Amino acid sequence: MIQFAKCCPNIIRLIETFKNDSALCAQNLGVENVLSQFKSICGNEGVSVGEAVREQHGRDESMHKCRPPDAVVFPRCVEEVSALAKLCHIFNVPMIPFGTGTGLEGGVGALEGGVCFSLRNMDKIVDVHVEDMDVTVEPGVTRKMLNTYLRDTGLWFPVDPGADASLCGMAATSASGTNAVRYGTMRENVLNLEVVLADGTIIQTAGKGRRPRKTAAGYNLTNLFVGSEGTLGIITKTTLRLYGIPEAVVSAVCTFPSVQAAVDSTVQILQSGVPIARIEFLDDVMVDACNRYSSLSYPVKPTLFLEFHGSEDSLKEQVKVTEDITQTSGGSNFHWAQDAETRNHLWAARHNAWYAALALRPGCQAYSTDVCVPLSHLPQIIVETKEDLIKSNLTGPIAGHVGDGNFHCIMVVDPNDKDELNRLHSFTDRLARRALALDGTCTGEHGVGLGKMYLLPEELGCHTVHVMQSIKHTLDPKNLMNPGKVLLPFSRESQQG
């Protein structure tokens, strides 16, 4: 790639001029003053102030209202991201990274205006090392795109949040999903990150080109940026662990007489040491919704969806142990599947759970909760949550990655019904605090974004949050990186004061 400095020497000189003008740097001159400079970096087609484009980049899949940026830029390489960030830093313009917009906590809203960095044009799979089982990708590469590219190598990337999200966006939110019980979350699968800081500095969190499976060299900056939700820098490359595609896959569905029996069975399977790949829970309300939406006929009872990966011989043992455990807990109506077509049909209910929940109340909106607790507390919290939903007169079918203690109530509400919204907010508040009281977390995989900032001090403690604020201020003293997310808002002017 031609170096940016050679491509745009005028912009480099402009940046150096402004950097040396302390009076100008103290002002917040706004996006309109740098649009022409943005276009000099990205080209005219790489900058948009159109209302439709800005609104598209001002919302995600959550219920949080659209907060469009003042402009959207479409950089094509890390050098352009760096140059744009330097200009934003000089002119005190907030920066909001944007991948595919599939987040669920309002993380892309431009609360203070500014410029959205839409990274879709940076879509290269940079390096695949088959023998070492790792890959480096740019932020425009999605999970499905990568696995399609890898299909002839015998490798795959298993972290699956459901949506076809950007892999760098998944790193930014520490996403996980249905396979996390066996393969871990993004936090365990990111080896290195390339990040552009608020002032345009480019860093590699584990060192340039480094991709060892473990390291004891210095602070773990990689995991500092995993889950930072764009508040510390813009991720422009991520190096990921890959895994061998399993020789054989078997899936199963099993129903239970009660929520307690299903979740107790989950705990027993995991404690027995079965290396299960996926174990997903749907309550009776969700199963009924999925039957209607996907034209299925599963018994309307609490249900587990299970999947096993391995060799033919190992799967026989895994399946036998699991079936014995589930039958002891009252499990019945087993459906087993090994060929891909039957497995896909069997999993259709779980994959379409979000849309099935929405179909329960056409015209309404969905909001997903995201608590996670230690496995020993999982039966208690799900049973108590079901009781709370009934008392609150709310529609909230439950689906969860119960193998790692994480579950979701997919709340379906009328956004124009203030009473129902109040009941929703009270319920989600009680649910989060119930999880915290059971030594859990208010967010297992969706992130903090806008919706859970007030819970962070309760979960982590004020001293820990103060350390986070100090890190944020060190890396982003002007509070330009996705301001108003994760940590409670603080004044950009007071930080500059």
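A crossing of two helices is left-handed if the near helix is turned anticlockwise from the far one by less than a right angle, and right-handed if clockwise. Helix 12 passes helix 14 in a right-handed crossing. Helices here are DSSP runs (H or I, at least four residues), numbered from the N terminus.

This is a predicted model, in which local features need pLDDT of at least 70, side-chain atom pairs count only at pLDDT 80 or more, and totals for chains, interfaces and linings use all residues. Residues are numbered from 1 along each chain as its sequence is written, and side-chain values use heavy atoms, with hydrogens and water left out.

**Helix pairs**

Two packed helices are described by the angle between their axes and the distance between the axes. Axes are lines fitted to C-alpha atoms, for helices over the stretch in contact, and angles run from 0 to 180 degrees between N-to-C directions.

| Helix pair | Axis distance | Angle |
|---|---|---|
| Helix 12 (259-271) and helix 14 (312-328) | within 9 Å | roughly 145° |
| Helix 4 (35-42) and helix 6 (78-91) | 10 Å | about 170° |
| Helix 18 (378-392) and helix 19 (418-437) | within 11 Å | roughly 165° |

Helix 18 is therefore roughly antiparallel (an angle over 145 degrees) to helix 19. Their crossing is right-handed. Contact means heavy atoms within 4.5 Å. Helix 18 brings Ile381, Glu384, Thr385, Asp388, Leu389 and Ser392, and helix 19 brings Arg423, Phe427, Arg430, Leu431, Arg434 and Ala435. By class, this contact has five nonpolar, two polar and five charged residues. Ala, Val, Leu, Ile, Met, Phe, Trp, Tyr, Cys and Pro count as nonpolar, Asp, Glu, Lys and Arg as charged, and the others, Gly among them, as polar.

Helix 4 and helix 6 are also roughly antiparallel to each other. Gln37, Phe38, Ile41 and Cys42 of helix 4 meet Glu80, Ala83, Leu84, Leu87, Cys88 and Phe91 of helix 6. Eight of these residues are nonpolar, one is polar and one is charged.

Helix 12 meets helix 14 through Ser265, Gln268 and Ile269 on one side and Thr322, Ile325 and Thr326 on the other. That contact has two nonpolar, four polar and no charged residues.

**Domains**

The domain assignment, automatic or from a database, gives domain 1 (3-118), domain 2 (125-212 + 220-244) and domain 3 (248-437). The C-alpha centres of domain 2 and domain 3 lie 27 Å apart. Nine residues of domain 2 are in contact with 11 residues of domain 3. The two domains bury about 820 Å² between them, with 53% from carbon and sulfur atoms. Buried area is the accessible area (1.4 Å probe) that two parts lose on being put together, summed over both. In domain 2, Thr178, Val181 and Arg182 lose the most area to domain 3, together 66% of what that side buries.

Technical notes:
Helix = DSSP H or I, 4+ residues; strand = E, 2+ residues; numbered from the N terminus. Parallel < 35°, antiparallel > 145°, perpendicular 65-115°, else oblique.
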